Amino acid sequence: MANATPVVTLPRVQAHRGASGVRPENTMTSFREALAQGASWTEFDVKLSKDGVPLLYHDKDLKRTSGREGLIKDFTFAELQDFEAGAWFGAEYAGEKIPSFEEVMQFHIDNGMQANIEFKPSDGEEDETVKAVVEMLERIWPKDRPKPLFSSFKHRCLEVARDIAPAYPRGLLTYDELDNWKADAERLVCAAIHPWHKTLTPDLVKAFKQAGYGIATYTVNDPVRARELVAMGVDSIITDHPAVMIDALS
Ligand code: G3P
Ligand code: MG
């Protein structure tokens, strides 16, 4: 049953990779901007460096946002600190670093923010990525605050999280493969489903709700579409433009 899991109270708006519409994704400036835009929650992508440090990065390789050859998992965290994470987005962001998960979580703690932590492991690093994230949270996340939400497209990550850290709520990310959502969400003891918004129909939203799941959908940047989704029964909109969505949905 869906609700054997820890529950999660989803916010209306989550800042996708920070305020990534106007700042380089998954960087500290993007999270500071999300806070400035009024976001109480962010979503971001976590994987490991070669030496096992959890950090924020979306792609498995360095090309798109760091302009380098190679894979994240083949560089130590110290080596990655010499790489760009901001210049690709605009010259004014040159020098922006790839942040550690610890730095980003400390920012959330200091500012009373909550996080949807997406496990985006490099190939074959599903177990270690979850373990590193859980270890860090157990060390630094205040015990008196609701636990952050975990999400992933990788069932293995949700399975490991379910087994080693059952008190953290889990969201099942889906793209266009929806045939098995119910069995998967039950098996992985999820609190929420995180579907791609283009796959959502009123009937599907109804089915998710009737089965007891929260719904957080990605990535919605059109206010008209966001209102339509909320009217269908979607709980939470993951967006690159948090201020626009907060305004549109309040
Ligand atoms: O968690 C929602 C969304 O971030 C999933 O897709 O590729 O942006 O990580 P992606
Ligand atoms: Mg993501």
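Predicted model: local features only at pLDDT ≥ 70, side-chain atom pairs only at ≥ 80, totals over all residues.
Start with the largest pocket. Its volume is about 180 Å³. The lining takes in 17 residues. By class, that is 6 nonpolar, 6 polar and 5 charged. Which residues lie nearest the centre of the pocket? They are His16, Glu118, Lys120, Phe153 and Tyr218. Two elements give two or more residues to this lining: strand S2 (41-48) and strand S4 (114-119).

Now the metal. Ligand 2 is a magnesium ion, and its protein donors are Glu43 (OE), Asp45 (OD) and Glu118 (OE). Glu118 has come up already, as one of the residues nearest the pocket centre. In sequence, the donor spacing reads E-x1-D-x72-E.

Are Glu43 and Asp45 buried or exposed? Glu43 has a relative accessible area of 3%. The cut-off for buried is under 20%, so Glu43 is buried. Asp45 comes out at 1% relative accessibility, so Asp45 counts as buried too.

Last, the annotation. UniProt, in an unreviewed entry, lists residues 11-249 as "domain: GP-PDE". Over residues 11-249, the chain is 36% helix and 18% strand. The end C-alpha atoms of that stretch are 11 Å apart.

Conventions
Residues numbered from 1 in each chain as written. Chains lettered and ligands numbered in written order. Heavy atoms only, no water. 1 Å grid on protein atoms, 1.4 Å probe; cavity = no way out; pocket = protein on both sides within 12 Å on 5 of 7 lines; lining within 4 Å. Points joined across faces, edges and corners; volume = space filled by probe spheres on them. Helix = DSSP H or I, 4+ residues; strand = E, 2+ residues; numbered from the N terminus. Nonpolar A, V, L, I, M, F, W, Y, C, P; charged D, E, K, R; others polar. Donors = N, O, S within 2.8 Å, 3.2 Å for Na, K, Ca; no water. Buried < 20%, exposed > 50% of the residue type's maximum accessible area, 1.4 Å probe, protein only. UniProt positions renumbered as here; feature names shortened; annotations may be inferred.
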